[in-house]
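Please consult the sequence and the structure while reading the points below.

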Amino acid sequence: MPNHSQQLDLMFHALADGNRRAMIDRLSKSDAKVSDFAGQLGVSLPTVLQHLSVLEQAGLVSSQKVGRVRTCTLDTQALSRAEQWINERRNLWGRRLDALGALLETDSGKQDT
């Protein structure tokens, strides 16, 4: 399995495409057959399979074939890892902006006297 940084790169690359985000949205409601996506997205089955491959490589989706039907499932843990990464950056920048605000207040107070 790729390291954490490589996995995030794959995940964000996968999410950069609107069709793949639509697939994720659909899977957030329930599992789906690959053929369902072709109709939903208005693309060919081979195109859906290419998108599915990217999502699987990113660890966002898994699929299982039973007979002639391939069913896809969303891995919510993978999305949680991306959310955690984003929140860590949000918290870091929040602290930095708070510190900058405090510094500007201090400097403003010094100039008033």
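The axes of helix 2 and helix 4 come within 10 Å and cross at roughly 75 degrees. Here an axis is a line fitted to C-alpha atoms, for helices over the stretch in contact, and angles run from 0 to 180 degrees between N-to-C directions. Helix 2 is therefore roughly perpendicular to helix 4 (65 to 115 degrees; under 35 is roughly parallel, over 145 roughly antiparallel, and the rest oblique). The model is predicted, so local features need pLDDT of at least 70 and side-chain atom pairs count only at pLDDT 80 or more, while totals for chains, interfaces and linings use all residues. Residues are numbered from 1 along each chain as its sequence is written, and side-chain values use heavy atoms, with hydrogens and water left out.

**Helix 2 against helix 4**

- Helices (H or I, at least four residues) and strands (E, at least two) are DSSP runs, numbered from the N terminus.
- On the side of helix 2, the residues N19, R20, M23 and I24 are in contact (heavy atoms within 4.5 Å) with V48, H51, L52, V54 and L55 of helix 4.
- By class, this contact of helix 2 with helix 4 comprises six nonpolar residues, two polar and one charged.
- In these classes, Ala, Val, Leu, Ile, Met, Phe, Trp, Tyr, Cys and Pro count as nonpolar, Asp, Glu, Lys and Arg as charged, and the others, Gly among them, as polar.

**Helix 2 against helix 3**

- Helix 2 spans residues 18-29 and helix 3 spans residues 34-41; their axes come within 11 Å and cross at roughly 125 degrees.
- Helix 2 is therefore oblique to helix 3.
- The residues N19, A22, M23, R26 and L27 of helix 2 meet D36, F37, Q40 and L41 of helix 3.
- Five nonpolar, two polar and two charged residues form the contact of helix 2 with helix 3.

- H51 belongs to helix 4, which covers residues 45-57.
- With a relative accessible area of 9%, H51 is buried (under 20%; over 50% is exposed and in between is partly exposed, with a 1.4 Å probe and protein chains only).
- Not counting residues up to four places away in sequence, H51 touches D17, N19, R20 and M23.
- H13 is located in helix 1, residues 4-15, and is partly exposed at 48% relative accessibility.
- Beyond residues up to four places away in sequence, H13 touches R20 and V54.
- H13 and A58 are 45 residues apart along the chain, and their C-alpha atoms are separated by 8.3 Å.

**Residue R70**

- R70 lies in strand 3, residues 69-74, and is partly exposed with a relative accessible area of 30%.
- Its side chain makes a polar contact with the side chain of S63 at 3.0 Å (a pair of N or O atoms within 3.5 Å; within protein, one must be able to donate a hydrogen and the other to accept it, and residues adjacent in sequence count only if both atoms are side-chain atoms).
- R70 and H51 are 19 residues apart in sequence and 14 Å apart in space, C-alpha to C-alpha.

**Residue L79**

- L79 is in helix 5, residues 76-112, and is partly exposed with a relative accessible area of 27%.
- Leaving out residues up to four places away in sequence, L79 touches I24, L60 and L74.
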